[in-house]
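Colleague: I am new to reading structures. Could you walk me through one, feature by feature?

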Amino acid sequence: MTRVLLGLAPGPGGTLSLLPGHVEALRQQFPSTQVQFVWAQDREQYEAELPRAEVLFTRTIRPEDLRRAPHLCWVHSLFAGVDQSITPELRQSGVLLTRSAGTAATGIAEHVLGALIFFSRGFHLALQFQRRSQWGQAEIGPHLRELAGSTLVIVGFGNIGTAVAQRARALGMRVLAVRRQAAPQPAAAPPEAGVPPETHAMAERVFGADQLYRALAEGDYVVSILPLTAETRHFLDERAFSAMKKGAVFVNVGRGPTVDEQALVRALQEGHLYGAALDVFEQEPLPADSPLYQMPNVLVTPHVAGINPRYMDRAVASFAENLRRFLQGEPLLHLVNKEMGY
Ligand SMILES: NC(=O)c1ccc[n+]([C@@H]2O[C@H](COP(=O)([O-])OP(=O)(O)OC[C@H]3O[C@@H](n4cnc5c(N)ncnc54)[C@H](OP(=O)(O)O)[C@@H]3O)[C@@H](O)[C@H]2O)c1
């Protein structure tokens, strides 16, 4: 009998909580003789159940919770980004960590495409004229561009990056990508563990992290979808923004601290960048005195790119598939490399 603790009672960001139907579906998939599910309704019950849990499905695993759970073998995070779960305590433990990959990719890709169109079609300008009850046709017209034929550089080319590339290509954009390691050209690319074969075909060229500045220099649009790790903190810094084309648009839907926000503000204020759409920030919530709120060429969204109505259904389905694998001794999907941090 495996004891599974479900730690996803309604909490912060209410849409990302289990519903009774999810728990019922899990109980129907796994016989009660094989798995005992405990759905903690509050923090007190969660803490009381941790000492007996072998498997945990939760948002983030805290070090103090890890200490309370001596029988824990595996944690499945509700989130795709697990930077807050990867603590020194988790690294040192033998506990496996998996993440909910793919649950948000479609919505995030649509969010990114929306942001690109927002700037290319001058919606940011139209809104300013509309708020002043002014027409603005002559002023807006010269700024309008088309995405088709322009180049998109995707920094962080995993599940979400691939979904963005697929949609950008459908709009006629040229797509370049940056991963940790450069990849051979698509035709020559050998099958790689964990990377779907269609991934490389989505980008004309895949650069390595050591070729970042060369890749950035090509982009009319640059979107960052990086996980936060020791290597990616301030990955996009002053030098990176200088390397971008004058007039480029920057989008960040990965993690805020992967960007040096002060360097980004300078690049926007000096007119080197045309605009930025930001969903994630170095400090969240973004403080009220941040200049980003007031900049006319910045679109601020409050870390919502990942939210969609099917998130929980998909996350529960991916947890169920991994639980089946766990019980049968098969390799888990979306296993996090605790040393690499993603
Ligand atoms: N805004 C939101 O609401 C929201 C929602 C969900 C997720 N996110 C963020 O999006 C991130 C990405 O999610 P995903 O599912 O696409 O992750 P993923 O499939 O693991 O992809 C991560 C990509 O980043 C690349 N990368 C990692 N470290 C790098 C480095 N040092 N230099 C260059 N590239 C590096 C990886 O390179 P390799 O391919 O070489 O491994 C991979 O291509 C998450 O970690 C999370 O922080 C945000």
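Modeller: We will go from domains to a strand, then to a loop and the ligand. Keep in mind that this is a predicted model.

Colleague: Into which domains is the chain divided?

Modeller: Read the residue ranges. Domain 1 covers 2-103 + 308-328, and domain 2 covers 105-300. The C-alpha centres of domain 1 and domain 2 lie 32 Å apart.

Colleague: How many residues of domain 1 are in contact with domain 2?

Modeller: Five residues of domain 1 are in contact with seven of domain 2. On the domain 1 side, one residue is nonpolar, three are polar and one is charged.

Colleague: Now a strand. Which strands pair with S9?

Modeller: Look at direction and bridges. S9 (residues 221-224) pairs with strand S6 (residues 151-155) in the parallel sense, over four bridges. S9 also pairs with strand S10 (residues 248-252), again parallel and over four bridges.

Colleague: Which residues stand opposite each other?

Modeller: Val153 is opposite Val222 in S9. Ser224 is opposite Asn252 in S10.

Colleague: Are the faces of S9 buried or exposed?

Modeller: Check each side of the strand. Tyr221 and Val223 lie on one side, Val222 and Ser224 on the other. These four residues are all buried, so both faces are covered; a residue is buried if 20 or more other C-beta atoms lie within 10 Å of its own.

Colleague: What unit do S9, H11 and S10 make?

Modeller: Follow the chain from strand to helix to strand. S9, helix H11 (residues 238-243) and S10 make a β-α-β unit, and this unit is right-handed.

Colleague: Where is the place of Gly254?

Modeller: Gly254 sits in the loop between S10 and helix H12 (261-269). Count the C-beta atoms around Gly254. There are 28 others within 10 Å, so Gly254 is buried.

Colleague: Which residues is Gly254 in contact with, leaving aside its neighbours within four places in sequence?

Modeller: They are Gly156, Ser224, Ile225, Leu226, Pro227 and Val280. His303 is 49 residues from Gly254 along the chain, yet their C-alpha atoms are separated by 9.5 Å.

Colleague: Last, the ligand. How many residues surround the ligand, and which are the closest?

Modeller: Look at the shell around the ligand. It holds 32 residues, and the closest are Gly81, Gly156, Gly158, Pro227 and Gly306. By class, 16 are nonpolar, 11 polar and five charged. Helix H8 (residues 159-170) gives the largest share, three residues.

Colleague: Why does the ligand shell lie between domain 1 and domain 2?

Modeller: Ask which domains supply the shell. Domain 1 and domain 2 both give residues to the shell, so it lies between them.

How values were computed
Residues are numbered from 1 along each chain as its sequence is written. This is a predicted model: local features need pLDDT of at least 70, side-chain atom pairs count only at pLDDT 80 or more; totals for chains, interfaces and linings use all residues. A residue is near a molecule or strand if its C-beta atom, placed from the backbone, lies within 6 Å of it. Helices (H or I, at least four residues) and strands (E, at least two) are DSSP runs, numbered from the N terminus. Ala, Val, Leu, Ile, Met, Phe, Trp, Tyr, Cys and Pro count as nonpolar, Asp, Glu, Lys and Arg as charged, and the others, Gly among them, as polar. Domain bounds come from an automatic or database domain assignment. A residue is buried if 20 or more other C-beta atoms lie within 10 Å of its own, exposed if 12 or fewer, and partly exposed in between; C-beta atoms are placed from the backbone. Two strands pair if DSSP finds at least two bridges between them. A crossover is right-handed if, with the strands pointing away from the viewer, the path from the first strand over the helix to the second runs clockwise. Two residues are in contact if their C-beta atoms, placed from the backbone, lie within 7 Å.
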